Amino acid sequence: MTVTMDVIVSLSKRRGFIFQSSEIYGGAGAAWDYGPLGVELKNNIKRVWWRDFVQQRDDMVGLDASILMHPTVWRASGHVDNFTDPMVDCRECRRRFRADKVDETDWTHYCAATKGNKFTIKAGEPCKHCGQRRTLCPECGKGELTAPRQFNLMFKTFMGPVEEDAAVTYLRPETAQGIFVNFDNVLQATRRKLPFGIGQIGKAFRNEITPGNFIFRTREFEQMEIEYFVNPHEQVDGRPADEAWHDRWIADCQAWFARYGLDPANVKLHEHAADELAHYAKRTVDLLYRFPMGWSELMGIANRTDFDLKQHTKFSGKSLTWFDEERKEHVVPYVIEPSAGVDRALLAFLLDAYREEQVRGEKRVVLRLHPELAPVKVAVLPLLKKRTDIVATGHELRSRLGRRWVTLYDDTAAIGRLYRRQDEVGTPFCVTVDVKTVGDAEKGEAGDGKVTIRERDSMEQIRVPIGDLEGIFGRILDGGATWTDVTAGYPRTES
Ligand code: GAP
């Protein structure tokens with residue numbers, strides 16, 4: 001189904017996924033805070049990415065470089081000179097716009113043909129009364145715009161106690177450079193042969209002129225980046241190694257997003273045209289996702305050639321090569337760079353998982369998140385909160401399951417509402433403790449020691465001995481088995 005951004009923003013705030021940064025002070029521009037469920041979802045995305053791309057591959061290692069780096073890094077990388085956007089300012093209201101995007105927003109117009117009435121006109125369209133196109137500030141509709149000037153997107157700061165030019169450095173605008181400057185350290189420490197890659201997850205900062213669309217474009221965000229070093233003199237599948245590996249990484253990244261739930265119909269490839277390519281790239285392919293505002297970049301996979309390693313060699317004077325024992329030659333590797341934004345991935349997973357369904361005449365909102373991404377894996381719900389033995393069993397179960405999976409206990413509403421709450425945040429399993437579980441001591445009735453598990457997507461329920469819970473969840477949550485595989489032998493119960 002198609003879902004609007006407003007619905008996701010509202011769900012995110014209401015249920016504690018994402019809050020506006022510094023909200024009590026009116027908010028900080030384009031910065032967001034991840035709440036109790038958001039931080040779990042974000043950590044899960046990073047954890048499965050790291051496991052799948054770094055830990056489970058024998059051609060990959062990891063790195064965690066610092067955010068603050070030597071300022072020359074950013075001259076060598078080209079960011080000081082090239083990491084700019086053309087920008088125009090309104091002479092009246094002083095607002096600032098990206099010159100190349102100024103016609104992509106709706107504009108304010110005081111129309112002379114209607115006695116100066118104010119209209120908001122759709123982006124790129126003329127006024128239907130006077131036929132005029134936008135020339136003034138799109139926001140206030142009054143001020144003239146300055147000629148475009150280049151604006152560097154890096155956040156400047158000072159290293160040390162003195163605010164002087166010599167102390168200027170930048171918050172990193174990409175994690176990639178931390179990998180390039182450590183290329184030789186990692187090579188020496190791990191004795192790798194080409195091809196091999198270095199993966200890193202970390203914060204990046206860009207003073208975006210036109211941030212927006214919730215967490216899609218922000219000024220502080222997180223990246224999951226891989227720099228994969230290949231020998232350009234080698235052939236793979238009858239092609240130059242860099243070109244063959246580029247295609248493999250594109251396919252691997254596409255498969256990864258599909259594996260964790262993105263509908264392949266909502267993802268497509270975009271090949272950069274020559275005039276779109278970054279100064280360092282031989283070829284770049286983006287994975288686009290069908291976001292509510294239209295197809296937009298989810299991640300990019302670039303062939304950065306030997307640009308970065310050569311630049312850092314030039315600026316640092318240190319050779320950044322790999323010695324090819326067979327050919328007895330020093331090689332400057334080519335680099336394939338799959339680069340994904342954590343926040344953008346999280347937004348895509350949320351949008352793709354969101355469903356509104358009709359269940360027995362009522363609306364059910366459900367996040368069909370992949371179980372490995374779901375912030376809470378199991379909710380333990382007591383059917384009667386006045387029965388101390390039911391409550392005690394519930395707490396005991398929460399604590400036992402909580403050692404392996406994020407598990408919560410909730411007894412603050414009736415069972416139907418508790419299920420809906422968990423559906424809305426994507427909890428794959430609810431475990432209900434009821435009177436039959438614990439029995440009734442006053443009537444001399446023994447409990448059967450069984451609980452009900454309800455599965456989020458099918459809403460099926462099965463009754464299982466408490467002792468089987470860890471085995472069942474272990475097979476599904478850690479072993480990749482499906483609900484149907486695991487539950488075939490248990491009796492279904494009425495929901
Ligand atoms: N090292 C290459 C690089 O940084 P990029 O296309 O500028 O390439 C890679 O960024 C990814 O980082 C993007 O595809 C996007 O997912 C994420 N990203 C970039 N700028 C962002 C921003 N302002 N807010 C959120 N995510 C961003």
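A salt bridge is a side-chain nitrogen of Lys or Arg within 4 Å of a carboxyl oxygen of Asp or Glu. Keep that in mind for the close-ups below, which come from a predicted model.

**View 1. Glu-243 and Lys-282 meet in a salt bridge.** The nitrogen and oxygen of this pair are 3.0 Å apart. Glu-243 has 28% relative accessibility, so it counts as partly exposed. Lys-282 is partly exposed too, with a relative accessible area of 36%.

**View 2. Asp-85 and Arg-98 form a buried pair.** Their salt bridge has its closest N and O atoms 3.4 Å apart. Asp-85 belongs to strand 4 (residues 84–89) and Arg-98 to strand 5 (residues 96–98), so the pair ties together parts that are 13 residues apart in sequence.

**View 3. Arg-239 pairs with Asp-247 in a salt bridge.** Here the closest N and O atoms are 3.0 Å apart. Is Arg-239 buried or partly exposed? With 30% relative accessibility, Arg-239 counts as partly exposed. Asp-247 is partly exposed as well, at a relative accessible area of 29%.

**View 4. The ligand sits among 20 residues.** Which of them come nearest? They are Glu-174, Arg-206, Glu-208, Glu-225 and Glu-297. Look for a polar side-chain atom of Glu-174, 2.6 Å from a nitrogen atom of the ligand, and one of Glu-297, 2.5 Å from an oxygen atom of the ligand. Gly-341 takes part through its backbone, with an N or O atom 2.9 Å from a ligand oxygen. The protein covers 90% of the 560 Å² of accessible area that the ligand has on its own.

View 5. Strand 17 gives the most, with five residues. What kinds of residue make up this shell? It divides into six nonpolar, five polar and nine charged residues.

**View 6. Leu-383, Leu-384 and Val-435 form a nonpolar patch on the surface.** Together, these three residues have about 220 Å² of accessible area. You can find Leu-383 in the loop between strand 23 (378–382) and helix 10 (388–402). Leu-383 is partly exposed, with a relative accessible area of 41%.

Definitions and conventions
Residues are numbered from 1 along each chain as its sequence is written. This is a predicted model: local features need pLDDT of at least 70, side-chain atom pairs count only at pLDDT 80 or more; totals for chains, interfaces and linings use all residues. Side-chain values use heavy atoms; hydrogens and water are left out. Patches are made of residues with over 30% relative accessible area and no salt bridge: like charges are joined within 9 Å, nonpolar side chains (Val, Leu, Ile, Met, Phe, Trp, Tyr) within 5 Å. Accessible areas come from the Shrake-Rupley method with a 1.4 Å probe; for residues, only the protein chains shown count as cover. Helices (H or I, at least four residues) and strands (E, at least two) are DSSP runs, numbered from the N terminus. Buried means under 20% relative accessible area, exposed over 50%, partly exposed in between (1.4 Å probe, protein chains only). A residue is near a molecule or strand if one of its heavy atoms lies within 4 Å of it. A polar contact is a pair of N or O atoms within 3.5 Å; within protein, one must be able to donate a hydrogen and the other to accept it, and residues adjacent in sequence count only if both atoms are side-chain atoms. Ala, Val, Leu, Ile, Met, Phe, Trp, Tyr, Cys and Pro count as nonpolar, Asp, Glu, Lys and Arg as charged, and the others, Gly among them, as polar.
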